[in-house]
Amino acid sequence: MTERGPVRAVDGVNFVLKKSESLGIVGESACGKSTLGSALMRSMQAPGKVVGGSVMLSGQDVAKLSDREFTEKVRWKKIAMVFQGAMNALDPVYTVSSQLKEVLREHGYRGDYGSKVAESLKQVGLDPSVGARYPHELSGGMKQRVVIAMALLLEPELLIADEPTTALDVLVQAQIISLLKKLHEEKNLTVILITHDLALVSQIAQKIGIMYAGQLVEFGSAEEVYRDPKHPYTQALISAVPRLHSTEKNIRFIPGSPPSLLDPPKGCRFYARCPHAMDVCKSDPPEFPTNTGYVRCFLYDPTLKKTAD
Ligand code: SF4
């Protein structure tokens, strides 16, 4: 709910992610990516709330759990999240170690706090001595590693990382992404990476979901989405990525802006910006299967193709 009325920031999003897979959720600012992550983690800030849908985790719909059950059984233990800007939220007056131990205490961890904290710091490539330092004594990359260590303390099955490389320089960005990749591969961690950066996602994601105006407009294997992008928005997003050896002098961009979600179009939400828009697109865009997922675009409606032939 906003001052101007209710907004469905995420609407009609569905995807399947198997254990140990990695998914990149990509889209421009304010498309609902972070809200999707917060909804999965049940960390929406009031007055935001989840009004429907299901989240199946190991055969259980965790969206149906009470808040208490979710906190006891799922939050941090099965699903953990590195929130956007979390490294700047580290408490400046406590050492890294005491902040990590606080998480263990809050969640009733029964083992030895000191060795768990040391193990967690090592896991993210930090020397355990970093635990004795205060956040202001660490670089941005080290702080981001600390928040990842914090998220992994209770050994979750799924880690959601929301823009984990924002505000870091490119070298540190690459280090953080390779750390996530290593954790994903070596620890069989299921990872959802939320970002606006398609190039970044290509380094880690096995599956990609493209979000636009609160909806997932295309979902599939990373290979299919990169090699054969179907939705006109995905195509525009990929062609907007600057290439090192391109002879093009101008950077391509997508004209226009996303619709207001206070009163979204009934049909395809990309209609006003789409070079292929047809009358039929004004009705609800359906979901058509692709080789590895789906696309929400009438260009892939087999019945329309038949008519055109
Ligand atoms: Fe364009 Fe229509 Fe496809 Fe929407 S449904 S992306 S308007 S062709």
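Two strands pair if DSSP finds at least two bridges between them. I noted that first, along with the naming: helices (H or I, at least four residues) and strands (E, at least two) are DSSP runs, numbered from the N terminus.

**Ground rules.** I am reading a predicted model, where local features need pLDDT of at least 70, side-chain atom pairs count only at pLDDT 80 or more, and totals for chains, interfaces and linings use all residues. Residues are numbered from 1 along each chain as its sequence is written, and side-chain values use heavy atoms, with hydrogens and water left out.

**Entry 1: strand E6.** I started with E6, residues 190-195. Which strands pair with E6? I found E1 (residues 22-26), parallel to E6 over five bridges, and E5 (residues 158-162), also parallel to E6 over five bridges.

Next I looked at cover, taking buried as under 20% relative accessible area, exposed as over 50% and partly exposed as in between (1.4 Å probe, protein chains only). Six of the six residues in E6 are buried. Thr190, Ile192 and Ile194 point one way, while Val191, Leu193 and Thr195 point the other.

**Entry 2: strand E5.** I moved on to E5 and saw that five of its five residues are buried. Leu158, Ile160 and Asp162 lie on one side, with Leu159 and Ala161 on the other. E5 also pairs in the parallel sense with E4 (residues 79-82), over four bridges, and there alanine 80 stands opposite leucine 159.

I then followed the chain from E5 through helix H6 (residues 170-186) to E6, which together make a right-handed β-α-β unit. Right-handed here means that, with the strands pointing away from the viewer, the path from the first strand over the helix to the second runs clockwise.

**Entry 3: glutamine 123.** I placed this residue in helix H4, residues 113-123. Why does glutamine 123 count as buried? Its relative accessibility is 18%, so it counts as buried. I also checked lysine 187, 64 residues away along the chain: the two C-alpha atoms are separated by 9.9 Å.
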